[in-house]
Amino acid sequence: MQRPARPTTTLRATNTTSATVALIDAVTDSLTTPFATAATLNVLTNDQATGITGATPANVTVTQTVAPTAGSTFNPATGDFSVPNTAPPGVYTVSYQICTNPAVIPAACDTATATITVGAAADMSVAINGLPATAAPGAVLSGLVLTWSVPTSRPRPQRPTQPVPQRLVHQLVRQ
């Protein structure tokens with residue numbers, strides 16, 4: 001005897017999952033400072049964490065990925081990248097990474113580079129033509145010509161505040 005066919009049932013399911021993706025964006029920073037002027041650049045100021053510009057140590061973790069150039073400093077706890085007023089002219093860099101805080105899986109991180117350029121020192125050299133470039137202490141040099149000018153008009157003398165005796169007035173007028 002043959003068994004009757006069983007009815008078949010088709011099951012269909014739709015499974016939808018949503019996840020929040022943390023937006024993080026480390027943005028390259030740069031600053032130029034004159035020679036002999038200290039400068040500090042906070043690398044977090046223009047970075048984004050969770051879509052908000054102005055990342056802070058409260059919403060990101062900062063790590064340096066490439067050490068700062070010699071003569072400059074980087075503080076990952078604050079995001080401050082600095083050069084002192086004694087830094088020689090040149091370009092100073094640090095590379096860093098920011099990751100969301102608290103951490104998420106998968107990690108949401110981004111890297112950037114900060115640059116501080118220290119301008120050239122002012123040229124304070126003096127050029128004196130006709131003299132040797134160096135001279136020993138006590139050396140006598142010749143050939144230097146000094147020129148100066150004398151004003152063509154003299155300032156008027158101020159009037160005395162006390163009366164001048166007549167005989168002195170007479171002598172001043174005669175001369």
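Which residues does Val 60 touch, not counting residues up to four places away in sequence? In this predicted model, local features require pLDDT of at least 70 and side-chain atom pairs count only at pLDDT 80 or more, whereas totals for chains, interfaces and linings use all residues. Residues are numbered from 1 along each chain as its sequence is written, and side-chain values use heavy atoms, with hydrogens and water left out.

With contact defined as heavy atoms within 4.5 Å, Val 60 touches Ile 24, Leu 44, Ala 49, Ala 55, Ile 98, Cys 99, Thr 100 and Asn 101. Val 60 lies in strand β6 (residues 60-66); strands (E, at least two residues) are DSSP runs, numbered from the N terminus. Its relative accessible area is 2%, so Val 60 is buried (under 20% relative accessible area, 1.4 Å probe, protein chains only). Although Val 60 and Ile 98 are 38 residues apart along the chain, their C-alpha atoms are separated by 5.9 Å.

Strand β6 belongs to an open sheet of four strands in the order β2-β10-β9-β6, with mixed pairing; two strands pair if DSSP finds at least two bridges between them. Strands β2 (29-33) and β6 stand at the edges with a single partner strand each, so one side of each has no neighbour in the sheet. From one strand to the next, the twist averages 25 degrees (axes are lines fitted to C-alpha atoms, and angles run from 0 to 180 degrees between N-to-C directions). Within the sheet, strands β9 (residues 90-100) and β10 (residues 109-118) run antiparallel and are joined by ten bridges. Ser 95 stands opposite Thr 113 in β10.

One aromatic pair was identified, under the rule that rings of Phe, Tyr and Trp (its six-membered ring) pair if their centres lie within 6.5 Å, with planes under 30 degrees apart counted as stacked, over 60 as edge-to-face and the rest as tilted. The ring centres of Phe 74 and Tyr 96 are 6.3 Å apart and the planes stand at 35 degrees, so this pair is tilted. The pair links distant parts of the chain, with Phe 74 in strand β7 (residues 73-75) and Tyr 96 in strand β9, 22 residues apart.

How values were computed. Buried means under 20% relative accessible area, exposed over 50%, partly exposed in between (1.4 Å probe, protein chains only).
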